[in-house]
Amino acid sequence: MSEDKAKKDAVAEIETAELAGDENKIADGKNTIDRVNAPAASEDQVVSSTQAHETGSGSVSTMDPDGPAPVKMGERRGMFGSSLGSDTSGYGGLVQPLLFPGASERPYGGYFDEVADRLLEVLGDRHDDAVIRLVIDRGEMTLHVRPEHLRLVAQHLRDDAGLRFEMCSGVSGVNYPEEAGSELHAVYHFLSITHASRRLRVEVVCSDDDPRIPSIVDIYPAANWHERETFDMFGIVFEGHPALTRILMPDDWPGHPQRKDYPLGGIPVEYKGATIPAPNERRSYT
């Protein structure tokens with residue numbers, strides 16, 4: 001629907017509502033006109049990834065139209081990742097910004113404020129050094145923590161009676177090559193059984209040049225296999241892990257398959273004597 005038509009419809013709705021004395025519909029019509037008249041966000045409103053990491057600025061939620069501008073982390077081209085002319089989806093020319101939420105502001109809502117207050121209390125003077133920022137987005141809570149303080153935070157999350165996140169349900173790896181100095185992310189997923197299934201995500205970053213993060217296996221033994229998988233697929237070295245060996249690929253496999261710089265094809269298939277064709281040599285339907 002065009003902006004002019006939306007305005008006309010809103011004006012007609014207001015006039016009808018005024019005759020009927022319907023205050024709610026009058027307010028709805030005025031909100032529609034205000035929304036149509038609102039200026040589009042400029043490029044200056046999208047802060048850089050580096051600035052967001054340093055200042056914690058950004059949006060409370062990418063779904064919240066009243067929040068600050070989201071953080072632009074890069075661009076995604078196409079729909080399914082194909083860039084060599086073999087995309088048959090029709091979305092090959094699609095370019096989308098990668099937007100991530102930045103630090104949130106109080107009040108967070110739900111149990112999030114209680115968790116944040118308790119963390120502030122138990123960490124004390126070390127809180128500001130340990131916690132880079134706290135993000136509430138789409139009903140989920142993410143705590144961005146400096147690697148050197150990960151074990152301290154994990155210990156409090158498990159042992160403190162006001163937190164009691166007894167279970168680490170997984171460790172995920174993420175690779176953002178465009179983030180200079182923080183290309184590799186390890187994301188821990190915690191669950192509290194004591195406190196009505198509360199959930200918390202803890203995210204830690206490291207660089208390609210120094211891909212090391214402390215292991216928390218002695219605090220959360222269930223993280224053993226997940227840290228091994230993240231090491232295998234992304235190359236993050238979890239220091240202090242009791243047996244950090246590959247878990248999916250052979251021990252002598254070169255590279256880490258889920259990193260963005262890993263080739264998509266042309267790799268000999270182990271023990272089969274066959275090869276996976278490179279993307280530009282594969283059969284595609286046009």
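Predicted model: local features only at pLDDT ≥ 70, side-chain atom pairs only at ≥ 80, totals over all residues.
Which side chain does arginine 198 join in a polar contact of 3.0 Å? The partner is glutamate 114.

**Arginine 198 and glutamate 114**

- The contact between these two side chains is also a salt bridge, with N and O 3.0 Å apart.
- Glutamate 114 belongs to helix H4 (residues 112-123) and arginine 198 to strand E7 (residues 198-206), so their pairing ties together parts that lie 84 residues apart in sequence.
- Beyond its neighbours within four places in sequence, arginine 198 is in contact with Glu114 and with several other residues, including Tyr111, Val115, Gly162 and Phe165.
- Phe190, Leu191 and Ser192 are also among the contacts of arginine 198.

**Other salt bridges**

- The structure holds twelve salt bridges, and a few of them are picked out here.
- Side chains of opposite charge can pair when their charged atoms come close.
- Arginine 246 pairs with aspartate 232, and their closest N and O atoms are 2.4 Å apart.
- Because arginine 246 lies in the segment after E9 and aspartate 232 in helix H7 (residues 223-234), this pair ties together parts that are 14 residues apart in sequence.
- Arginine 246 is buried, with a relative accessible area of 12%, and aspartate 232 is buried too, at 0%.
- Aspartate 261 and arginine 259 form a salt bridge with an N to O distance of 3.8 Å.
- In that pair, aspartate 261 is exposed at 58% relative accessibility, while arginine 259 is buried at 15%.
- Arg118, Glu121 and Asp160 take part in a network of salt bridges.

**The largest nonpolar core**

- This core has 40 residues, and those touching the most other members are Leu143, Leu157, Tyr188, Phe190, Val202, Ile213 and Tyr220.
- At least two core residues come from each of H4, strand E3 (131-137), strand E4 (140-145), helix H6 (150-159), strand E5 (167-175), strand E6 (184-192), E7 and H7.
- Helix H4 gives the most to the core, with six residues.
- Leaving out residues up to four places away in sequence, leucine 157 touches Leu119, Leu163, Arg164, Phe165, Phe190, Leu200, Val202 and Tyr220.

**Aspartate 210 in its loop**

- You will find aspartate 210 in the loop between E7 and strand E8 (212-214).
- Aspartate 210 is partly exposed, at 36% relative accessibility.
- The side chains of aspartate 210 and arginine 212 are joined by a polar contact of 2.6 Å.
- Aspartate 210 and valine 237 are 27 residues apart in sequence, and their C-alpha atoms are 8.9 Å apart in space.

**A nonpolar patch on the surface**

- Trp225, Ile247 and Leu248 make up a nonpolar surface patch, and together they have about 320 Å² of accessible area.
- Leucine 248, one of the patch members, is found in the segment after strand E9 (237-239).
- Arginine 246 also lies in the segment after E9.

Technical notes:
Residues numbered from 1 in each chain as written. Heavy atoms only, no water. Patch = residues over 30% accessible without salt bridge, like charges linked within 9 Å, V, L, I, M, F, W, Y side chains within 5 Å. Areas by Shrake-Rupley, 256 points an atom, 1.4 Å probe, with all protein chains shown as cover. Salt bridge = Lys/Arg side-chain N within 4 Å of Asp/Glu carboxyl O. Helix = DSSP H or I, 4+ residues; strand = E, 2+ residues; numbered from the N terminus. Buried < 20%, exposed > 50% of the residue type's maximum accessible area, 1.4 Å probe, protein only. Polar contact = N/O pair within 3.5 Å; in protein donor to acceptor, adjacent residues only side chain to side chain. Contact = heavy atoms within 4.5 Å. Core = buried A, V, L, I, M, F, W, Y, C linked by side-chain atoms within 4.5 Å.
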